[in-house]
Amino acid sequence: VDEMCCLGVCKAVQIDESNCGTCGNACTGTWTYCCSGECADTHTDESNCGTCGTVCATGELCCSGVCTAVQTDRDNCGSCGNMCGAGQGCCSGVCKSVQTDEFNCGTCGTVCGDGEECCGGLCTAVQTDEASCGGCGIECAAGYTCCSGVCRNTATDLSNCGGCGIPCVGTCCGGFCKATYEDELNCGDCGIECAVGETCCY
């Protein structure tokens with residue numbers, strides 16, 4: 001029925017806010033309108049979002065009269081009005097820290113690999129990265145190399161002489177393994193040179 005006779009006056013009961021669906025049925029509320037003979041809150045109704053007949057798509061909610069993808073919207077994450085904080089993204093309807101989350105690093109769904117951590121939104125190999133050695137933000141000093149998550153001085157380290165994982169049986173001098181008991185250029189210790197005519201004897 002499009003019209004009914006209400007108190008001697010024909011009323012369009014499909015759209016009349018004072019006679020919605022039937023005589024005397026008044027729609028109340030700031031955002032409530034008569035949509036196809038039913039009172040609808042166009043602020044929240046997914047079938048009448050913003051205006052009568054505007055239907056939100058699957059996965060959307062009607063937030064303040066706008067169809068909103070709550071799975072990805074940072075201002076309405078998971079539900080209307082649920083705002084994600086600074087540095088967070090809305091990932092499948094949940095606020096996630098895309099700066100540190102290894103399953104949502106930088107963007108939703110970016111998964112860091114084995115041995116990586118999410119550092120400032122970037123997947124970082126903390127076993128080898130000099131700027132994040134062993135953990136995000138742990139920076140190796142100048143001249144040090146990140147070996148298996150630990151800052152090492154490869155110029156002197158016997159287990160990492162000249163590079164990570166290179167062992168030295170002797171003395172590590174400037175990244176080179178030297179036998180200081182017989183080396184005329186490194187006699188007894190790194191950099192001690194024998195004079196002309198002298199021999200290094202242990």
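Biologist: What makes β7 and β8 a pair of strands?

Modeller: Two strands pair if DSSP finds at least two bridges between them. Strand β7 (residues 88–91) and strand β8 (residues 94–97) are joined by four bridges and run antiparallel. The strands themselves are DSSP runs of E, at least two residues long, while helices are runs of H or I of at least four; both are numbered from the N terminus. Within the pair, C90 stands opposite C95 in β8. The hairpin has two residues between its strands, and S92 takes a positive phi near 55° there.

Biologist: What should I keep in mind about the source?

Modeller: This is a predicted model, so local features need pLDDT of at least 70 and side-chain atom pairs count only at pLDDT 80 or more, whereas totals for chains, interfaces and linings use all residues. Residues are numbered from 1 along each chain as its sequence is written, and side-chain values use heavy atoms, with hydrogens and water left out.

Biologist: How many disulfides does the structure hold?

Modeller: The structure holds 20. The rule asks for a pair of cysteine sulfur atoms within 2.5 Å. In general, a disulfide is a covalent bond between the sulfur atoms of two cysteines.

Biologist: How do you know that C35 and C52 form a disulfide?

Modeller: Their sulfur atoms are 1.9 Å apart, and the cut-off is 2.5 Å. The pair links distant parts of the chain: C35 sits in strand β3 (residues 32–35), and C52 in the loop between β4 (38–41) and β5 (60–63), 17 residues apart.

Biologist: Why is the disulfide of C35 and C52 called left-handed?

Modeller: Because the torsion about its S-S bond is about -70°.

Biologist: Why is C35 called buried, and why is C52 called partly exposed?

Modeller: Buried means under 20% relative accessible area, exposed means over 50%, and partly exposed is in between, with a 1.4 Å probe and protein chains only. C35 has 6%, so it is buried. C52 has 39%, so it is partly exposed.

Biologist: What is the handedness of the link between C133 and C146?

Modeller: With 90° about the S-S bond, it is right-handed. The sulfur atoms of C133 and C146 are 2.1 Å apart. C133 lies in the loop between β10 (122–125) and β11 (145–147), C146 in strand β11, 13 residues apart. C133 has 3% relative accessibility, so it counts as buried. C146 is buried too, at 2%.

Biologist: What makes R152 and D157 a salt bridge?

Modeller: The rule wants a side-chain nitrogen of Lys or Arg within 4 Å of a carboxyl oxygen of Asp or Glu. The side chains of R152 and D157 meet at 4.0 Å, N to O. By this rule the count comes to one salt bridge. R152 counts as partly exposed at 32%, and D157 is buried at 17%.

Biologist: Which residues does N160 touch?

Modeller: Contact means heavy atoms within 4.5 Å. Leaving aside residues up to four places away in sequence, N160 touches C147, R152, T154, G165 and I166. N160 lies in the loop between β12 (150–152) and β13 (171–173). Its relative accessible area is 8%, so N160 is buried.

Biologist: Why is T68 called buried?

Modeller: Because its relative accessibility is 6%. T68 is found in strand β6 (residues 66–69). Not counting residues up to four places away in sequence, T68 touches G59, E60, L61, C63, D73 and N76.
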